[in-house]
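The sequence and structure come first.

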Amino acid sequence: MGRPGFDYGLDYARLDLRARPDLYRVGRGEQGVLLVEPYKSELLPLWRFRTPELAACSVLALLERFESYRAAGDFVGMDMTRKFLQMGYTRARRYANHRSGRKYDGPVPEEHRGRSGAHGRPELVRQEDPQKAESARLFREAWKKVDADPQYQAARTAHQARYG
């Protein structure tokens, strides 16, 4: 049996996870990145990837925020920053591959709404956008740096041992 996943059942609109870090679960990848407060409100305004210049400024601002969360011993803040960096990579990469941001042709079939995947739809032709690819590279580099940070790793291990 693995560790518990991200809990989508919590009332994130009313929940302050800085005050209740015991309720936070890391989950997989970017789960909860646009839910967990107050971090979403602190980090989302810093998150931009449209051009490499905006991405570079965004990465610097997010890394500064990561450092402040780390200095405060705020694991949830550190993990949420990691998720924003990861999301910067994945979104920029998606737009680098597909100008519209859509990977598949046509609407998601009704019975598959809310689930990712092709669901029988053909993948659109990839057309590399070098600007978005550079934005993605910048975010990926920062995401991997944060993910490998020894203090972050220790805090993650401790949080998961204590809370799941």
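Predicted model: local features only at pLDDT ≥ 70, side-chain atom pairs only at ≥ 80, totals over all residues.

Ala96 belongs to helix H3, which covers residues 75-97.

Which residues does Ala96 contact, once its neighbours within four places in sequence are left aside? They are Gln127, Glu128, Asp129, Lys132 and Ala133.

## Thr81 in helix H3

Thr81 is also a residue of helix H3. Its relative accessibility is 0%, so Thr81 is classed as buried. A polar atom of the Thr81 side chain lies 2.8 Å from the backbone oxygen of Gly77, which is within the 3.5 Å cut-off for a polar contact.

With neighbours within four places in sequence set aside, the contacts of Thr81 are Leu43, Leu62, Phe66 and Tyr69.

## Packing of H3 against H5

How are H3 and H5 oriented relative to each other, roughly parallel or roughly perpendicular? The angle between H3 and helix H5 (residues 150-163) is about 115°, and the axes are 10 Å apart. The two helices are therefore roughly perpendicular, as the range for that class runs from 65 to 115 degrees. The crossing of H3 past H5 is left-handed.

On the H3 side, the contact is formed by Phe75, Val76, Met78, Asp79 and Arg82. H5 contributes Tyr152, Ala155, Arg156 and His159. By class, the contact of H3 with H5 comprises five nonpolar residues, one polar residue and three charged residues.

## Packing of H2 against H4

Helix H2 (residues 52-71) and helix H4 (residues 130-148) pack at an angle of about 15°, and 8 Å separates their axes. H2 and H4 are therefore roughly parallel, since angles under 35 degrees fall in that class. H2 passes H4 in a crossing that is right-handed.

The contact of H2 with H4 divides into eleven nonpolar, three polar and two charged residues.

## Ser58 in helix H2

Is Ser58 buried or exposed? Ser58, a residue of helix H2, has a relative accessible area of 2% and is therefore buried. The backbone oxygen of Leu46 is 2.5 Å from a polar atom of the Ser58 side chain.

Leaving out neighbours within four places in sequence, Ser58 is in contact with Leu46, Trp47, Arg48 and Phe139.

## The bond from Glu37 to Pro38

Which form does the peptide bond from Glu37 to Pro38 take, cis or trans? The bond is cis, and its omega is near 5°. Pro38 is located in the segment that precedes helix H1 (39-43).

Terms used
Residues numbered from 1 in each chain as written. Heavy atoms only, no water. Helix = DSSP H or I, 4+ residues; strand = E, 2+ residues; numbered from the N terminus. Contact = heavy atoms within 4.5 Å. Axes fitted to C-alpha atoms, helices over the stretch in contact; angles between N-to-C directions. Parallel < 35°, antiparallel > 145°, perpendicular 65-115°, else oblique. Left-handed = near helix turned anticlockwise from the far one by under 90°. Nonpolar A, V, L, I, M, F, W, Y, C, P; charged D, E, K, R; others polar. Buried < 20%, exposed > 50% of the residue type's maximum accessible area, 1.4 Å probe, protein only. Polar contact = N/O pair within 3.5 Å; in protein donor to acceptor, adjacent residues only side chain to side chain.
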